[in-house]
Amino acid sequence: MRYKISKATAPAMPNLGKGTECIKILLSQTSKDMHEPLVPMLFPVLGAHISGSEFQYPDLSWKEPTGMMAQLVGDSGCNKGQFSNLVEAICRDFRQHDDAELKKIVEWSKMVKTKAGNKEKPARPEVGIWFPPSDTTRPAFLQNAMALEAQGGRTQYLNMPEVEMADGMCGGHRQVSQMLRNIYDRQRAGALRATADGVTGNPILRANLTLSATPFAARKYYKNDLFNGTFGRMVFSYKARTSRDGRIPRQGKYNDEFYQKLDDYLMRLNLCKGRFIIRPLNKLIDKLAQDMASLADLVDDDVLWDCSKRALVSAWKAGCILWVLNNQTWTKAMGDVVEWLVYHDLWSKMQLFADLLDKDADTLSEAGRRGPKNMLDDLPDTFNEAQLEALRMQFGKSKEGTNGQLRKWLFRKFITYSAQTGLYTKTEEYLGMSDVRGKM
């Protein structure tokens with residue numbers, strides 16, 4: 001484990017080395033303070049440019065780079081708006097396609113209006129929009145999904161500068177949880193209407209989403225969906241409040257040279273077709289799954305463990321996109337980014353929602369609260385069972401779980417036990433791992 005997620009500062013993003021050139025090009029137009037928060041947000045946008053491709057996850061299932069969702073969270077005025085500029089740059093080709101499709105609708109509307117009431121109306125053209133506006137209703141979203149499925153299964157991408165905009169697309173706030181879970185899982189979520197004017201259909205939901213919110217708005221929006229799977233499916237990218245330095249961050253210029261470089265990478269995404277197995281990426285995800293189990297055992301936190309499972313899938317999909325962008329070649333630097341994405345997602349979730357993830361919590365305080373605590377770090381190198389028991393009770397955990405936690409630590413070789421003295425001792429392996437994490 002290279003990163004700690006209990007600190008108030010975000011895990012430091014690794015250097016963007018070989019294989020991550022596209023990400024560096026995109027970040028070149030943003031202020032430096034937004035580099036780390038924006039990187040996780042880029043992959044749903046880029047992934048929407050891939051259609052007709054499947055990648056094999058380590059569990060042997062085949063997944064498309066669809067259902068990718070990311071939530072940017074930061075205080076008001078923290079430059080979250082820079083992301084919308086990046087979205088427009090990446091989706092220039094989507095806009096061109098949609099403009100042509102929308103012209104069909106405009107022409108059809110004119111024809112309908114010119115027909116007398118007793119005349120036969122022309123059929124509505126089948127129009128598939130790749131980049132729908134943020135103010136999209138549920139019927140329009142489903143109708144668009146039906147059209148895109150008929151046209152070969154293209155992923156539609158939506159960017160919502162305010163998280164509350166998702167209510168309209170889902171048909172109301174009560175339907176948000178079900179809709180987001182269906183989108184993530186690439187399920188069918190259709191509608192049956194009794195009238196000819198309604199939208200009836202049951203398409204596969206292929207959509208990628210990005211949303212933005214302040215900490216208060218995000219906590220209020222997701223507080224009732226923390227334990228039903230919705231929360232874990234969303235990638236969170238949190239920008240903590242920075243010091244008052246009085247400097248206005250500078251953005252770059254989206255000039256022809258930038259677009260020329262970017263278009264070369266977007267072409268690689270558009271041309272990617274078929275089924276692929278990225279063995280180095282899958283090997284990394286298997287390793288990270290073990291790390292997540294170790295992390296959950298260190299903090300004795302089942303909620304963290306549950307969240308980590310889908311954090312791995314989301315980071316794996318990002319790795320697939322990096323692989324395509326790099327001419328279907330894997331590099332160590334790409335693996336470093338994938339690993340960081342997992343920890344950054346978990347860190348963001350814990351910074352924003354740690355107190356709400358305690359099922360007994362009933363407050364809505366501001367962001368910046370405790371994260372999962374590695375209790376072994378808080379114990380001396382040699383300790384007894386009573387010391388861990390006292391520490392667990394200090395963190396609000398049960399006394400009865402002490403023996404179970406010790407067994408897990410022994411199994412993972414974090415500690416050894418001396419029957420002669422009745423003491424537990426941290427292993428050299430664990431102490432070396434802790435030294436590395438402390439430097440990150």
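About 150 Å³ of space lies in the largest cavity of this structure. The model is predicted: local features need pLDDT of at least 70, side-chain atom pairs count only at pLDDT 80 or more, and totals for chains, interfaces and linings use all residues. Residues are numbered from 1 along each chain as its sequence is written, and side-chain values use heavy atoms, with hydrogens and water left out.

**Cavities**

- Rolling a probe the size of a water molecule over the atoms shows where empty space is left.
- A search of the whole structure finds 2 cavities of 30 Å³ or more.
- A cavity is a set of points, on a 1 Å grid over the protein atoms alone, where a 1.4 Å probe fits but cannot get out; lining residues have an atom within 4 Å of a point.
- Grid points are joined across faces, edges and corners, and a volume is the space filled by probe spheres set on the points.
- The largest cavity has 17 lining residues. Pro40, Met68, Val235, Ser314 and Ala315 lie nearest its centre.
- Two or more lining residues come from each of helix 2 (35–47), strand 3 (69–74), helix 12 and helix 13 (332–353). Helices (H or I, at least four residues) and strands (E, at least two) are DSSP runs, numbered from the N terminus.
- Helix 12 gives the most to this lining, with 5 residues.
- The lining of the largest cavity has 13 nonpolar, 2 polar and 2 charged residues. Ala, Val, Leu, Ile, Met, Phe, Trp, Tyr, Cys and Pro count as nonpolar, Asp, Glu, Lys and Arg as charged, and the others, Gly among them, as polar.
- The second largest cavity has a volume of about 30 Å³.
- Ala145, Leu148, Glu149, Gly153, Arg154, Ile204 and Arg206 line the second largest cavity. By class, they are 3 nonpolar, 1 polar and 3 charged.

**Nonpolar cores**

- A nonpolar core is a set of buried Ala, Val, Leu, Ile, Met, Phe, Trp, Tyr and Cys residues joined through side-chain atoms within 4.5 Å.
- Buried means under 20% relative accessible area, exposed over 50%, partly exposed in between (1.4 Å probe, protein chains only).
- The largest nonpolar core has 112 residues. Leu46 and Phe353 have the most contacts inside it.
- Helix 12 (residues 302–325) supplies the largest share of this core, 14 residues.
- A second, separate core has 13 residues, including Met375, Leu379, Leu388 and Tyr430.
- Beyond its neighbours within four places in sequence, Phe353 is in contact (heavy atoms within 4.5 Å) with Ala218, Arg219, Tyr222, Leu226, Phe231 and Phe236.

**Buried residues**

- Ala70 is found in strand 3. Ala70 counts as buried because its relative accessibility is 1%.
- Not counting residues up to four places away in sequence, Ala70 touches Pro40, Met41, Pro44, Leu209, Thr210, Leu211, Met234 and Val235.
- Ala70 and Asn224 are 154 residues apart along the chain, and 18 Å separates their C-alpha atoms.
- Leu211 lies in strand 5 (residues 207–213). Its relative accessibility is 3%, so Leu211 counts as buried.
- Leaving aside neighbours within four places in sequence, the contacts of Leu211 include Met41, Ala70, Leu72, Met160, Tyr222 and Met234.
- From Leu211 to Phe383 is 172 residues in sequence and 46 Å in space, C-alpha to C-alpha.
- Ser51 sits in the loop between helix 2 and strand 1 (53–56). Ser51 counts as buried, because its relative accessibility is 11%.
- Setting aside neighbours within four places in sequence, Ser51 is in contact with Gly153, Arg154, Cys272 and Lys273. Gly153 and Arg154 also line the second largest cavity.

**Exposed loop residues**

- Asn327 lies in the loop between helix 12 and helix 13. Its phi is near 55°, a positive value in a residue other than glycine.
- Asn327 counts as exposed because its relative accessibility is 51%.
- Lys413 is in the loop between helix 15 (402–411) and strand 9 (415–418). Phi of Lys413 is near 60°, a positive value in a residue other than glycine.
- Lys413 has a relative accessible area of 56%, so it is exposed.

**A helix pair**

- Helix 3 (residues 82–90) and helix 4 (residues 92–114) pack at an angle of about 65°, with their axes 4 Å apart. Axes are lines fitted to C-alpha atoms, for helices over the stretch in contact, and angles run from 0 to 180 degrees between N-to-C directions.
- Glu88, Ala89 and Ile90 in helix 3 meet Arg92, Asp93 and Arg95 in helix 4.
- This contact has 2 nonpolar, no polar and 4 charged residues.

Key. On a 1 Å grid over the protein atoms alone, a cavity is a set of points where a 1.4 Å probe fits but cannot get out, and a pocket is an open set with protein on both sides within 12 Å along at least five of seven lines; lining residues have an atom within 4 Å of a point.
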